[in-house]
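Morning, everyone. Let's get the structure up on the screen.

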Amino acid sequence: MTTPNIINANTINGLTQVAVLTTTLTSIVTNATSSGKAQRINAIYVSNVSGSVSATVTIAILRSAVTYRLAYQMSVPAGSSLDLISKTIYLNEGDALQISASTNSYLEAVVSYEEIS
């Protein structure tokens, strides 16, 4: 099946994924190959829960085994949060949104998205 025409969508489900980040680039949202769906990423928030140590975050799209970075080692000061995208992005079939941190367990991510079919 192919990614749907979003103008003629039958179903739109609002979803949210959350994660405590590690130093390994890990998929937080995945659009399976041949899913017949598009995934619209509306927001990516990253919070540094450490009270005293800054950390960095990397966010990428994995497509056809190639990593394309949206943000690379972006600093997240201690005790603060960042809104990491200003416009929506789409994950095609077979794509994955991946995220990692410079230090385990200092950063937490919240991703809000819509699954369209």
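Predicted model: local features only at pLDDT ≥ 70, side-chain atom pairs only at ≥ 80, totals over all residues.

Core to begin with. In soluble globular proteins, nonpolar side chains tend to be buried together. Here, the largest nonpolar core counts 22 residues. Ile41, Val46, Val57 and Leu97 have the most contacts inside it. Which strands each supply at least two residues of this core? They are E2 (26-30), E3 (38-48), E4 (55-63), E7 (89-91), E8 (96-101) and E9 (107-116).

Take Ile41. Set aside its neighbours within four places in sequence, and Ile41 still contacts Val29, Ile85, Thr88, Ile89, Leu91, Leu97, Val111, Ser112 and Tyr113.

Now the charged pairs. How many salt bridges does a search of the whole structure find? Two.

One joins the side chains of Glu115 and Lys37, at 3.4 Å, N to O. Glu115 sits in strand E9, Lys37 in the loop between E2 and E3, so this pair ties together parts 78 residues apart in sequence. Lys37 is partly exposed, at 28% relative accessibility.

The other joins Asp95 and Arg63, side chain to side chain, at 2.6 Å, N to O. Asp95 is in the loop between E7 and E8 and Arg63 is in strand E4, so the parts tied together are 32 residues apart in sequence. Is Asp95 buried or exposed? Buried, with a relative accessible area of 2%. Arg63 is partly exposed, at 33%.

That's my tour. Over to you.

How values were computed
Residues numbered from 1 in each chain as written. Heavy atoms only, no water. Core = buried A, V, L, I, M, F, W, Y, C linked by side-chain atoms within 4.5 Å. Buried < 20%, exposed > 50% of the residue type's maximum accessible area, 1.4 Å probe, protein only. Helix = DSSP H or I, 4+ residues; strand = E, 2+ residues; numbered from the N terminus. Contact = heavy atoms within 4.5 Å. Salt bridge = Lys/Arg side-chain N within 4 Å of Asp/Glu carboxyl O.
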